[in-house]
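Here is a short report on selected sites in one model. Please look at the sequence and structure first.

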Amino acid sequence: MEGSPPEPDSLAHELEDVALSPPASPSHAPPPESPSSPTAPPRLSSSPPPFQFPTAEEAKAYHANGSEMIVQDDDGAFESVALGDSAAAGGAHGWSATRRSPADERAVEEEAQPAAAREEEEERRDATPEATPPLSESTSSAAATTSEVTLPAVEEGVAVDPTSTNGDAPVLTEKPVFVPTPTKKGVASILQKTVSMTRQRDLPPKDREQERKHLRELEEMRAAAKEADRRRASNTEMAAAARAAVLASALPSWESSILPNWRVVLHEDAKGKALRRLWWDGTMPVRWRGRLWGLCVGNGLAVSRNAYATCLLRAQKGQSEGRYPGEEWEALLEDVEMTLPTLKIFHKEGGVMHEELVDILLAYTVYWGGQPRYPRGLSYTAGMLLLNMPAVDAFLTLVNLVNKSFLKSFFSDSPAEVDAYYRIFDTLLADTMPKVYANFSHEVVRPKLYLHPWLTSTFVRFLPLDLATRIFDVFLLEGDSFLFRVALVVLQILEPRLFNPVLAELDAVFKGLDREVGKVGVEGGDVG
């Protein structure tokens, strides 16, 4: 019946098999003790009490199973002790137990018999073959050896160390060696049937019916989680397939209508509006993106292609002669290391495009003449251009883009021009989000805190690369006003978290460093 203690003999053989086999996984434990049966051994405890030796009553129980008591002195020698004195002897010695095989039993009896009786017994044995009792399957392996080892019942806290033996006798030591009972795959162990699997061990056990109910609910929750993961993966695959179909269907329109004359998307007729929608939908072919960006920006400054090499050579010469400002060089390298860190292509260590980005920025710092000066945040826009076009084209596009956009004012030494942009944005914010504007005014949160890093990096620093690329597509088509509209949208997404009176925490929200940045993005383009 389930829950009843095992028989002593069967338990001894079970422990014997476990003790002489390699240790199993500690996820199973021996069966617990039953107070109703005096012969059932107590379970092994991971926190053993002080060591105790066997009593005379226990020694008699061992004798009933065909065992003898052996004591070990301080020199390591073994000697037999009378069963009735086992408790007294155990108080001064360590102790171990072994079961004698039938051959050993006969050897002991023969030594105790007189010589004449021994000869008579040998003659009788030769005349009559010895009858061998049938062995059960559980004991046949034990009878096959001359000194098979069996472990007796042990005191609570006393563990079996199968490695510390003298001959065939396992020594019972005070060392807490935990040997779990192995179970077949798919079959619950006695521990699993007894101990609650849904409640921690230091709390009272649950009712069996409640335990089964909670286990069923646990399996249902696991099945529901797996199904949700499967549906999520399926939806992702379907969305990717739909996106690929849209890109494939838009490719002919890009190659036949937009590439020959990109300005057709600015027309107000039906065809122009349809092509403009393709541009906004982010269907621009990757292989044509650099060319289209260059066409949108143009070359209003008439910069020659040789200007890149000339400016780069002048900057490198200034560095070699010690005329290049060290603080500008350190700021440049720091920005390069922070540019799209998840891609790792601009890192100094192993970045395949690190040198090209550094050269473009070096050439830019000396292009305008005068003292070399690096504007913080320029590496993000330069890195985005370099990902989609060669270094020479990226330099030409960068110079013209800064010159024709708001970036010229933000990268200049004229605070008045930047303040004019801030006032315009405050007006837009007051019209679209009056509560946020009122809170910012009360807490003295100026646009410089959040708008400056967003715009100078063209959002590449704070948004995922795919989203930042699509924003860059439309920014080059629509102009400066588009990025200010993007800033308003970002504030609308962040609105529930914009009423924090702690300025440092609010700054973390603007930079995407707080705990819920996954909805918008995080600094460096790493998104949860």
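## Glutamate 211

Where is the place of glutamate 211? Glutamate 211 sits in helix H8, residues 208-258. Helices here are DSSP runs of H or I with at least four residues, numbered from the N terminus.

Glutamate 211 is buried, at a relative accessible area of 4%. Buried means under 20% relative accessible area, with a 1.4 Å probe and protein chains only. Leaving aside residues up to four places away in sequence, glutamate 211 touches Ser196, Met197, Thr198 and Lys206. Contact means heavy atoms within 4.5 Å.

## Basis of the model

This is a predicted model: local features need pLDDT of at least 70, side-chain atom pairs count only at pLDDT 80 or more, and totals for chains, interfaces and linings use all residues. Residues are numbered from 1 along each chain as its sequence is written, and side-chain values use heavy atoms, with hydrogens and water left out.

## Serine 196

Serine 196 lies in the loop between helix H7 (190-194) and H8. Serine 196 is buried, with a relative accessible area of 5%. Among the contacts of serine 196 beyond four places in sequence are Arg201 and Arg208.

## Aromatic pairs

The whole structure holds 22 aromatic pairs, counted for rings of Phe, Tyr and Trp (its six-membered ring) with centres within 6.5 Å. Tyrosine 421 and phenylalanine 484 have ring centres 5.9 Å apart and planes at 10 degrees, so the pair is stacked (planes under 30 degrees apart).

This pair links distant parts of the chain, 63 residues apart. Tyrosine 421 is in helix H17 (residues 415-432) and phenylalanine 484 in helix H21 (residues 480-494). Phenylalanine 484 is buried, at 7% relative accessibility.

How values were computed
Helix = DSSP H or I, 4+ residues; strand = E, 2+ residues; numbered from the N terminus. Buried < 20%, exposed > 50% of the residue type's maximum accessible area, 1.4 Å probe, protein only. Phe/Tyr/Trp six-rings, centres within 6.5 Å; stacked < 30°, edge-to-face > 60°.
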